[in-house]
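These are my notebook entries on one protein model. I record what I looked up, in the order in which I looked.

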Amino acid sequence: ERAVRTSQQALEAARRLQKVADALAAALTPQEVLDAVITEGLRAAEASVGLISTLSDDGEWLELAASRGYEQATLDPFVRLPVTAAAPLADAVRTGEPVFLASLAERDARYPEPIGPAQPGGGLVCLPLVVEQRTIGGLALSLASDQTFPPERRALKVALARQAAVALERTRLGAAERALRARLSFLGEATAILALSLDDERTLQRLAELAVPLLADWCAIDMRATDGRIDRLVVAHHDPERRDWAQELRRRSHG
């Protein structure tokens, strides 16, 4: 009977992980990966609420990327958490090892100085997100009641974090590649436009419009006049009303 129950639990765990894998495979952006983890991932991990933080470029901070179920007061300390903080999530990322806390009492014993209001629930799991031996962030899962963490439950949660890390890195690399291609395309088109004439205001207007919204929400091109004044030649904005307002200001300044 025990063997049958163990087998059934293993099948259920595999089914849950497969649902997470399907959701992650369909994700095309980092945000979609995070959404998949916070929805399907929470079900697979038997968690009530959770959050994901990504490691800053300098490796000094954990920056909140997505969350579900936490009150804002609980989330505030995690918006930008130092990796050196005495906190379960920071420990998991810093050491590369999962942190399993079975109850609020165990949390209080190991971390007597909480960084914010108590998180909901009893058990807490904090997992590093690791890709090719490189940590890119952390996943925290809060459970509704006190827990035990036998090896099979720990393995399930570690597998979830591994799936999430691989999918997150894949989409981040894909986004970076798409951004690079877009910028290379911009440079090619901008070069062609500038080759026409720098004296033609219509040429500069086309250049400004090309930059929006690829590089920024708005673009203005100014030129120093012979008397030292700075003249605004053209302006482009993704919002037509703001573009018209900026152009009206330009006309008044020239009037």
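How much accessible surface does the protein have, and what share of it belongs to carbon and sulfur atoms? I read about 14,800 Å² in total, with 54% belonging to carbon and sulfur atoms; the areas come from the Shrake-Rupley method with a 1.4 Å probe, and for residues only the protein chains shown count as cover.

Basis. I note that the model is predicted, that local features need pLDDT of at least 70 and side-chain atom pairs pLDDT 80 or more, and that totals for chains, interfaces and linings use all residues. Residues are numbered from 1 along each chain as its sequence is written, and side-chain values use heavy atoms, with hydrogens and water left out.

Overall fold. I find eight helices and eight strands, taken as DSSP runs (H or I, at least four residues, for helices; E, at least two, for strands) and numbered from the N terminus. Of the 255 residues, 39% are buried, that is, under 20% relative accessible area with a 1.4 Å probe, protein chains only. I also looked at contacts (heavy atoms within 4.5 Å): among those between residues at least 6 apart in sequence, 49% join residues at least 24 apart.

Cores. I searched for nonpolar cores, meaning sets of buried Ala, Val, Leu, Ile, Met, Phe, Trp, Tyr and Cys residues joined through side-chain atoms within 4.5 Å. The largest has 27 residues, and Leu24, Ile52, Val125, Leu127, Leu129, Leu139 and Leu141 touch the most other members. At least two residues each come from H1 (2-25), H2 (30-44), S5 (124-131), S6 (134-142) and H6 (151-194); H6 gives the most, with six. A second, separate core of 20 residues includes Leu75, Val99, Leu101 and Leu124.

I then listed the contacts of Leu139 beyond four places in sequence; among them are Val37, Leu89, Cys126 and Leu160.

Cysteines. I found zero disulfides (cysteine sulfur atoms within 2.5 Å) in the whole structure. Cys126 is buried at 2% relative accessibility, and Cys219 is buried at 19%.

Aromatic rings. How many aromatic pairs does the whole structure hold? I found one, counting rings of Phe, Tyr and Trp (its six-membered ring) with centres within 6.5 Å; planes under 30 degrees apart are stacked, over 60 edge-to-face, the rest tilted. Phe100 and Phe149 form a tilted pair, 5.2 Å centre to centre with 50° between the planes. Phe100 lies in strand S4 (residues 99-101) and Phe149 in the loop between S6 and H6, 49 residues apart. Both Phe100 and Phe149 are buried.

Charge over a ring. I checked for NZ of Lys or CZ of Arg within 6 Å of a ring centre and within 35 degrees of the ring normal. The charged end of Arg80 sits over the ring of Trp61, 4.2 Å from its centre.

Conventions
Buried < 20%, exposed > 50% of the residue type's maximum accessible area, 1.4 Å probe, protein only.
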